[in-house]
Amino acid sequence: MLTSFLHRAPSSTPSCYRAARLWVAALAIATLAGCASQSPVDESGRQAGQWERQQAEVEAFDTWTLVGKAGLRTPQENTSANLDWNQTPYYFRMLISGPFGGGRSVLEGREGRFSLTTSEGRFEAETPEALMEEQLGWSLPVRAMPDWVRGLPGDHASYQLETDELGFPSFLQQDGWEIDYRDWEQAEGMWLPRRLVMNYGDVRITLVVNQWQASQ
């Protein structure tokens with residue numbers, strides 16, 4: 001009996017090994033299949049294909065409030081200000097408070113009429129850019145920014161757009177400005193830019209969004 005047992009033992013051991021190897025192989029195949037079926041995801045939770053699927057929603061998101069902070073760097077100064085921005089298709093209002101807003105400045109536009117109110121009074125001009133340049137000595141690309149801050153190129157001029165590995169905008173060039181999209185956040189059921197850097201010559205503007213909110 002002992003001899004018979006000793007002869008059977010070697011044959012049973014490889015059988016266990018084969019079963020174990022088959023189980024490990026099956027597990028590896030299942031794991032690889034699961035990985036292959038998942039879309040790439042970055043650390044913020046964005047997934048490949050999301051921007052393409054939501055782009056129509058972002059384009060339709062044209063009435064909103066943005067609260068954040070803007071940094072301005074030029075050869076003459078390096079400063080920042082708080083920004084409270086209300087935007088609709090027919091009206092916008094930017095409240096700029098802090099150093100580069102001159103304390104508190106309100107820029108408004110409605111039906112081609114633009115005004116800037118500061119501690120020095122109320123001023124008007126034909127374009128918001130000219131108004132800011134005349135009164136503050138620098139300007140934001142106000143008419144294009146409602147699109148740019150949502151990750152969209154404006155439809156008024158040609159542009160160059162690059163995307164990241166997930167298909168989200170990473171670089172936009174339009175009207176002489178270069179916009180780098182550095183970070184994104186989920187707001188109002190969409191992914192929207194949270195941090196972007198805009199460069200025009202030796203002017204650099206960094207915008208950090210603290211809150212996106214749909215408005216009536």
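Trainee: Which residue forms a salt bridge with Glu124, and how far apart are the closest N and O atoms?
Mentor: The partner of Glu124 is Arg122, and their closest N and O atoms are 2.7 Å apart. A salt bridge here is a side-chain nitrogen of Lys or Arg within 4 Å of a carboxyl oxygen of Asp or Glu.

Trainee: What kind of model is this?
Mentor: It is a predicted model, in which local features need pLDDT of at least 70, side-chain atom pairs count only at pLDDT 80 or more, and totals for chains, interfaces and linings use all residues. Residues are numbered from 1 along each chain as its sequence is written, and side-chain values use heavy atoms, with hydrogens and water left out.

Trainee: Back to that pair, is Arg122 buried or exposed?
Mentor: Arg122 is exposed, as its relative accessible area is 52%. The classes are buried (under 20%), exposed (over 50%) and partly exposed in between, with a 1.4 Å probe and protein chains only.

Trainee: How many salt bridges are there in the whole structure?
Mentor: A search of the whole structure gives six. Among them is the one between the side chains of Asp147 and Arg150, at 2.9 Å from N to O.

Trainee: And Arg150, buried or exposed?
Mentor: Arg150 is buried, with a relative accessible area of 6%. Arg122, by comparison, has the value of 52% and is exposed.

Trainee: Which residue does Arg194 pair with?
Mentor: Arg194 forms a salt bridge with Asp183, and the closest N and O atoms are 2.7 Å apart. Asp183 belongs to strand S9 (residues 177–187) and Arg194 to strand S10 (residues 190–200), so this pair ties together parts that are eleven residues apart in sequence. Strands are DSSP runs of E with at least two residues, numbered from the N terminus.

Trainee: What is the relative accessibility of Arg194, and what is the relative accessible area of Asp183?
Mentor: Arg194 stands at 27% and counts as partly exposed. Asp183 has a value of 26% and is partly exposed as well.

Trainee: Changing topic, where is Asn199 found, and is Asn199 buried or exposed?
Mentor: Asn199 is found in strand S10, the strand that also holds Arg194. With 17% relative accessibility, Asn199 counts as buried.

Trainee: Which residues does Asn199 touch, not counting those up to four places away in sequence?
Mentor: On that basis, Asn199 touches Gly176, Trp177, Glu178, Asp180 and Arg204, where contact means heavy atoms within 4.5 Å.

Terms used
Helix = DSSP H or I, 4+ residues; strand = E, 2+ residues; numbered from the N terminus.
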